[in-house]
Amino acid sequence: MAERKPAKKGTGKSTKGTTATGKTYEGFTDEERAAMKERAKELKAAADKADGESAVLAKIAEMPKSDRAMAKRLHAVIKASAPGLSPKTWYGMPAYAKDGKVVCFFTPASKFKSRYATFGFNDSANLDEGAMWPTAFALTELTAADEARIGALVKKAVSS
């Protein structure tokens, strides 16, 4: 039997390899592969009807302090603005869904080693304005005005 080599630590660089089914993959960073693995766990948890709220709060609790503070505030703003949205994790990040489809999500800066966090909307959000509109916002902090704007956008995103 062939001897197994120990796994190498992630460098964040793109890699090339083979999946268990023999298909090749190329170009994914360690962080992207980790996000995909988390997504697979989330799908399994959804099948098991896991509680989305507690999963989101657990993910928020794991975040570094600055990301955690923003995520907590966003969670409160979103719940107050659109109580019909269901909290869930999505690729290991807090997200909020309507009828099973993710409407909005928070990407902490620490997730992909970015200089800012992101609050974004998926195409299921009702934000269309003409031929072009923003779908994501960079966040370095949250002011009261930012929270009010996000609350208004979330309300609009779930309106019919």
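Leaving aside its neighbours within four places in sequence, L85 is in contact with I78, Y96, A97, K98, V103, C104, V154 and V158, where contact means heavy atoms within 4.5 Å. The model is predicted, so to speak of local features requires pLDDT of at least 70, and side-chain atom pairs count only at pLDDT 80 or more, while totals for chains, interfaces and linings use all residues. Residues are numbered from 1 along each chain as its sequence is written, and side-chain values use heavy atoms, with hydrogens and water left out.

L85 also belongs to the largest nonpolar core, which has 27 residues and in which L85, F119, F121, L139 and V154 touch the most other members; such a core is a set of buried Ala, Val, Leu, Ile, Met, Phe, Trp, Tyr and Cys residues joined through side-chain atoms within 4.5 Å. Two or more residues of this core come from each of α2 (52-62), α3 (65-81), β5 (101-107), β6, β7 and α4 (144-158), the helices (H or I, at least four residues) and strands (E, at least two) being DSSP runs numbered from the N terminus. In soluble globular proteins, nonpolar side chains tend to be buried together.

Several of these strands are paired, a term that requires DSSP to find at least two bridges between two strands.

| Strand pair | Sense | Bridges |
|---|---|---|
| β4 (residues 93-98) and β5 | antiparallel | four |
| β5 and β6 | antiparallel | four |
| β6 (residues 117-121) and β7 | antiparallel | four |

A97, one of the contacts of L85, has V102 in β5 as its bridge partner, and C104, another of those contacts, is bridged to F121 in β6. F119 stands opposite F137 in β7. The hairpin of β4 and β5 has two residues between the strands, and D99 takes a positive phi near 55° there.

Six of the seven residues of β5 are buried, which for relative accessible area means under 20%, with exposed over 50% and partly exposed in between (1.4 Å probe, protein chains only). Strand β7 (residues 136-139), by comparison, has F137 and L139 on a covered face and A136 and A138 on an uncovered one.

For the chain as a whole, the secondary structure comes to four helices and seven strands, and 36% of the 160 residues count as buried. Among contacts between residues at least 6 apart in sequence, 44% join residues at least 24 apart.
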